[in-house]
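Please read them with the structure open.

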Amino acid sequence: MDSLGSVILISLFWLVSLGLVVTAGAGTVVAYEVCRRYVLGKDAGLWAVGALAWQQSWRQATVVGLLTVPVAAVGILTFSYLPTLGLPGVLVPLMVVGLFLLLLVFWCLPLVARFTNPTWRQVRNGLTLGLTTPSLTFLLGIAVVLGGVAIWNFMPAVFVAPGLILLWWCYLLERFFVARGLVQPEPEEALS
């Protein structure tokens, strides 16, 4: 499959899994693993990689993914106070909720896809990494906001923006994991 087709397929799969809520965690893990294979230049088939990632981590990913539900509920409740409190009254709580959603989806779930640890440790490590590397988390936040603005202003961007954000984030995380010594570099990276 060509690059644009892969990005569109990843975007659609990921958005459908997020929309179903219960499958959000497992869908994100599968999408991340497919992106990781794509970033590393592995030739494994899209469906084979997705099926293997689903089989290996769907339980743990579902648990971590369901942690986003109460966080999102707090965000929705906070947003409902917008008419009475005004934007200044709800902006900080909404930013905190957004930060925790960002950490859970983009730090904790990729750790579930990449490493085999108990669920509580995956969450702890994801939150720790996300909070102790504010530059990466801030870049991710900017990318998500820009992707949201692009989708809001040009609806067909929904087919490409989520997949591009996920591919970019996967690339950054793989470099981060190798730089920190958490994983060994792939043989192709070691030669270049």
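1. Residues 154–173 are 65% helix and 0% strand. The end C-alpha atoms of this span lie 28 Å apart. Keep in mind that this is a predicted model.

2. The span comes from an annotation. The unreviewed UniProt entry marks "transmembrane region" at residues 6–32, 63–82, 94–115, 127–148 and 154–173. Such annotations may be inferred rather than shown by experiment.

3. Take another of these spans, residues 94–115. Here the chain is 95% helix and 0% strand. Its end C-alpha atoms are 30 Å apart.

4. Next, the aromatic side chains. Six aromatic pairs turn up in a search of the whole structure. One of them joins Phe 106 and Trp 169, edge-to-face, with 6.5 Å from centre to centre and 90° between the planes. Phe 106 sits in helix α5 (residues 82–114) and Trp 169 in helix α8 (residues 161–179), so this pair ties together parts 63 residues apart in sequence.

5. Trp 107 belongs to helix α5 and Phe 176 to helix α8, so the pair links parts that are 69 residues apart in sequence. Both Trp 107 and Phe 176 are buried.

6. Which residues make up the aromatic cluster? Phe 106, Trp 107, Phe 115, Trp 168, Trp 169, Phe 176 and Phe 177 form one cluster.

7. Leaving aside residues up to four places away in sequence, Gln 122 touches Gln 60, Cys 108, Leu 111, Val 112, Phe 115, Thr 116 and Asn 117. Among these contacts, Phe 115 is also a member of the aromatic cluster.

8. Finally, the surface. Val 22, Leu 66 and Val 69 form a nonpolar patch there, with about 230 Å² of accessible area together. Val 22 lies in the loop between α1 (3–19) and α2 (24–40). With 52% relative accessibility, Val 22 counts as exposed.

Terms used
Residues numbered from 1 in each chain as written. Predicted model: local features only at pLDDT ≥ 70, side-chain atom pairs only at ≥ 80, totals over all residues. Heavy atoms only, no water. Phe/Tyr/Trp six-rings, centres within 6.5 Å; stacked < 30°, edge-to-face > 60°. Helix = DSSP H or I, 4+ residues; strand = E, 2+ residues; numbered from the N terminus. Buried < 20%, exposed > 50% of the residue type's maximum accessible area, 1.4 Å probe, protein only. Contact = heavy atoms within 4.5 Å. Patch = residues over 30% accessible without salt bridge, like charges linked within 9 Å, V, L, I, M, F, W, Y side chains within 5 Å. Areas by Shrake-Rupley, 256 points an atom, 1.4 Å probe, with all protein chains shown as cover. Salt bridge = Lys/Arg side-chain N within 4 Å of Asp/Glu carboxyl O.
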